[in-house]
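Subject: Structure handover

Hi,

My notes on it follow below.

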Amino acid sequence: MDTDNNGFYLGLSLAGISPGVYDLTAKGFSHLRDKEGSIVLSDGVNNVDFSNSETDYLLAGDVNGTNGDNLVNSIDIAIEVIKLDETAGVEREDLNQDTIVNSIDLAMTIKNLDLWGDN
């Protein structure tokens, strides 16, 4: 499932699960996993706010591997440094999606250094 840029998932339809209270997680392509606990899902279409009313966003910088390892560490920084000034094939490393890996992307990774995502 994909959220919009503000962290909302609109139109979650239950298929194969019963209505109830669930813990849901979201993980961006280059971001740490975020867990929202005790989400009430009802029959039909549900909307989920993974941003906590736009006060809590997924943290960027987990660029290690295909799905990341849910940790921002020195490996992620090294990958960002290797990709500096590149524009081709850097969808994962271009954290702010401005078509180039630069100091902004590296700064975002450094800011979140040693942080783990939720399990």
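A contact here means heavy atoms within 4.5 Å. Among contacts in the protein between residues at least 6 apart in sequence, 57% join residues at least 24 apart.

Conventions next. This is a predicted model, where local features need pLDDT of at least 70, side-chain atom pairs count only at pLDDT 80 or more, and totals for chains, interfaces and linings use all residues. Residues are numbered from 1 along each chain as its sequence is written, and side-chain values use heavy atoms, with hydrogens and water left out.

**Overall**

The protein has two helices and four strands. These are DSSP runs numbered from the N terminus: helices are H or I with at least four residues, strands are E with at least two. Along the sequence the order is β-β-β-β-α-α. The C-alpha trace spans about 50 × 25 × 25 Å along its principal axes.

Of the 119 residues, 34% are buried. Buried means under 20% relative accessible area, exposed means over 50%, and partly exposed is in between (1.4 Å probe, protein chains only). The protein exposes about 7000 Å². Carbon and sulfur atoms supply 52% of that area. Areas come from the Shrake-Rupley method with a 1.4 Å probe; for residues, only the protein chains shown count as cover.

**The two helices**

Start with helix 1, residues 74-83. Asp 76, Ile 79 and Glu 80 are buried there. Viewed down the axis of helix 1, its buried residues fall within an arc of 100°, so they line one face (the arc is that of the directions from the helix axis to the C-beta atoms). An α-helix has 3.6 residues a turn, so residues three or four places apart point the same way. The face turned away from the buried side of helix 1 carries exposed Ser 74 and Ile 82.

Both ends of helix 1 have a note. At its start, a side-chain oxygen of Asn 73 reaches to within 3.1 Å of the backbone nitrogen of Ile 75. Asp 85 follows helix 1 and has a positive phi, near 70°.

Helix 2 covers 103-111. Its buried residues include Asp 105, Leu 106 and Thr 109. Down the axis of helix 2, the buried residues also fall within an arc of 100°, so they line one face of the helix. Exposed Ser 103 and Lys 111 sit on the face turned away from the buried side of helix 2. Asn 102 caps the N-terminal end of helix 2, with a side-chain oxygen 3.1 Å from the backbone nitrogen of Ile 104.

What do the buried residues of helix 1 pack against? They pack against helix 2. The buried residues of helix 2 pack against helix 1.

**Salt bridges**

A salt bridge is a side-chain nitrogen of Lys or Arg within 4 Å of a carboxyl oxygen of Asp or Glu. How many does a search of the whole structure find? It finds two salt bridges.

One joins Asp 23 and Lys 35 (3.7 Å, N to O). This pair links distant parts of the chain: Asp 23 is in strand 2 (20-26) and Lys 35 in strand 3 (34-41), 12 residues apart. Asp 23 is partly exposed at 46% relative accessible area. Lys 35 is partly exposed at 37%.

Another joins Lys 27 and Asp 62, with the closest N and O atoms 3.0 Å apart. Lys 27 is in the loop between strand 2 and strand 3, and Asp 62 is in the loop between strand 4 and helix 1, 35 residues apart. Lys 27 is partly exposed at 29%. Asp 62 is buried at 0%.

**Two loop residues**

Asn 70 lies in the loop between strand 4 (45-49) and helix 1. Asn 70 is buried, at 4% relative accessibility. Its side chain reaches the backbone nitrogen of Arg 33 at 2.8 Å. A polar atom of the Asn 70 side chain lies 3.2 Å from the backbone oxygen of Asp 118. Beyond four places in sequence, the contacts of Asn 70 include Lys 27, Asp 62 and Trp 116.

Asp 94 is in the loop between helix 1 and helix 2. Asp 94 is buried yet has no salt bridge.

Best wishes

Methods
Lys, Arg positive; Asp, Glu negative; His and termini not counted. Polar contact = N/O pair within 3.5 Å; in protein donor to acceptor, adjacent residues only side chain to side chain.
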